[in-house]
Amino acid sequence: MSAAVAAGVAASEIAGFAGTSSVTAVPAAGRARVAYSSERGRARAEDLTVRFLGTGAADWKGPDDRGEHRRLTSILVDGSILVDLTSTDLDMLPKGARPRTIFYTHSHGDHYEPKAALQVGVTRVYVGETWLGKAREDFAAAAAESGVPAPEIVPLAIGQAVTVEDVTFTALPANHATGRIEEETLMYLIEKGEVGAAPVRVLYATDTGGIPARAARIAGIDAHVKGGRPVTGLIMEATMGMGAKGDEDFRIFTHSSVDTVKRTADVLLATKRLVAPEGQPVYITHMARTLHGTQAELDAQLPVPLRAAYDGLEVVFRPV
Ligand SMILES: [Zn+2]
Ligand SMILES: [Zn+2]
């Protein structure tokens, strides 16, 4: 068992969460059994599953001296669609998983490594249209080197929605920057279920300093807009730590702190733009090694409704 999973299971005993979706939760002594947990039980056809392959920011380089380990940030959606992937994440893919499609948030090396995508058999790649040329070049070079055919590279415009199997990804602008200043980095609204019914709508927000106004408008969660459309789940980056340590870090222009996520969640809940099943937390990911405590410390200290994801954690998002 890897250090990350071990850390997660240890944390689960403290927090009363299941370590992985396939493990039945054993509540800690003295704790009441929670009726519903997004981290327990099997997914039904209408549910959306998110497996966190990696939950660390770029400063993670394998297990550290605390025995903690976070791989670089990546998720696997419904067992078959990736959002970002690096070679650090490969051992967190479920056995037999052959994801064919990947959506990239941006071209930073802690999210984007063409060789890793080719290694798992990806044949279709979605990137922001502002860096299409770079992605085509990088993938052509990686494919030639790996001796495999180059995948199809598909550009995404802001607000554009793409449906893969029965999951729809909508590209949203993030508040982030890479060395290529013309690159507009993306976050994704991930939806499953019939439009007009009551689909699962999960906002996956990394890397970003807060939720940009345009992204909130497109997703329907800006309360300036009457009606709107609530999301049913939120996964947001909290690169920076808690308290002043988090909010006074130089990464403030391009990343979020725990307090940023807490404020965002509180506002979305108060304005009914986040309507989640009871017991489903707001998940934080992309945590910097030097700015966060251990998983056990996060489990003990994070304010409600925040919950730190960890590598290998699988979450079932249900419709409300
Ligand atoms: Zn990053
Ligand atoms: Zn980045």
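Two strands are taken to pair if DSSP finds at least two bridges between them. Helices (H or I, at least four residues) and strands (E, at least two) are DSSP runs, numbered from the N terminus. The model is predicted: local features need pLDDT of at least 70, side-chain atom pairs count only at pLDDT 80 or more, and totals for chains, interfaces and linings use all residues. Residues are numbered from 1 along each chain as its sequence is written, and chains are lettered from A and ligands numbered from 1 in the order in which they are written.

The protein has 7 helices and 14 strands. Of its 320 residues, 48% count as buried. A residue is buried if 20 or more other C-beta atoms lie within 10 Å of its own, exposed if 12 or fewer, and partly exposed in between, with C-beta atoms placed from the backbone. Contacts are pairs of residues whose C-beta atoms, placed from the backbone, lie within 7 Å. Among contacts between residues at least 6 apart in sequence, 62% join residues at least 24 apart.

An open sheet is formed by 7 strands in the order 6-5-4-3-2-1-14, with mixed pairing. Strand 6 (152-156) and strand 14 (314-317) are its edges, and each pairs on one side only. On average, neighbouring strands are turned by 25 degrees against each other, direction ignored. Axes here are lines fitted to C-alpha atoms, for helices over the stretch in contact, and angles run from 0 to 180 degrees between N-to-C directions. Strand 1 (residues 48-54) is joined to strand 14 by 4 bridges, and the two run antiparallel. R51 has E314 of strand 14 as its bridge partner. Helix 3 (residues 132-146) packs on the sheet and touches strand 5 (124-128) and strand 6. The direction of helix 3 makes about 165 degrees with that of strand 6.

Strand 2 (residues 74-77) is covered on both faces. S74 and L76 are buried on one side, I75 and V77 on the other. Strand 2 pairs with strand 1 in the antiparallel sense over 4 bridges. In this pairing F52 stands opposite I75. Strand 2 also runs antiparallel to strand 3 (residues 81-83), joined by 3 bridges. Here L76 stands opposite L82.

The hairpin of strand 2 and strand 3 has 3 residues between the strands. Most residues other than glycine have a negative phi, and most peptide bonds are trans. D78, in the loop between strand 2 and strand 3, has a positive phi of about 50 degrees although it is not a glycine. D78 is partly exposed, with 18 other C-beta atoms within 10 Å. E165 is also not a glycine, and its phi is positive, about 55 degrees. E165 lies in the loop between strand 7 (161-164) and strand 8 (167-173). It counts as exposed, with 12 C-beta neighbours inside 10 Å.

Two cis peptide bonds were examined. One joins T206 and D207, with omega about -15 degrees. D207 sits in the loop between strand 10 (200-205) and helix 4 (213-219). The bond from V304 to P305 is cis with omega near 5 degrees. P305 lies in the loop between helix 7 (295-301) and strand 13.

Helix lengths were compared with an expected span of 1.5 Å times one less than the number of residues. The 15 residues of helix 3 should span 21 Å, and the end C-alpha atoms are 21 Å apart, which agrees. G147 follows helix 3 and has a positive phi near 70 degrees. Helix 6 (residues 258-270) has 13 residues and reaches 18 Å from its first C-alpha to its last, close to the 18 Å expected. Just after helix 6, K272 takes a positive phi of about 60 degrees. The buried residues of helix 6 are V258, T260, V261, K262, T264, A265 and L268. Their cover includes strand 11 (233-237), helix 5 (243-247), strand 12 (282-285) and strand 13 (306-308).

Strand 12 is buried on both sides: V282 and I284 point one way, Y283 and T285 the other. It pairs with strand 11 in the parallel sense over 3 bridges, and E237 has T285 as bridge partner. Strand 12 and strand 13 run parallel, joined by 3 bridges, and I284 stands opposite A308.

A nonpolar core is a set of buried Ala, Val, Leu, Ile, Met, Phe, Trp, Tyr and Cys residues joined through C-beta atoms within 7 Å. The largest has 80 residues, of which Y188, V202, Y204 and I284 touch the most other members. Leaving aside neighbours within four places in sequence, Y204 is in contact with I75, V83, M187, Y188, I190 and I235.

Methods:
Contact = placed C-beta atoms within 7 Å.
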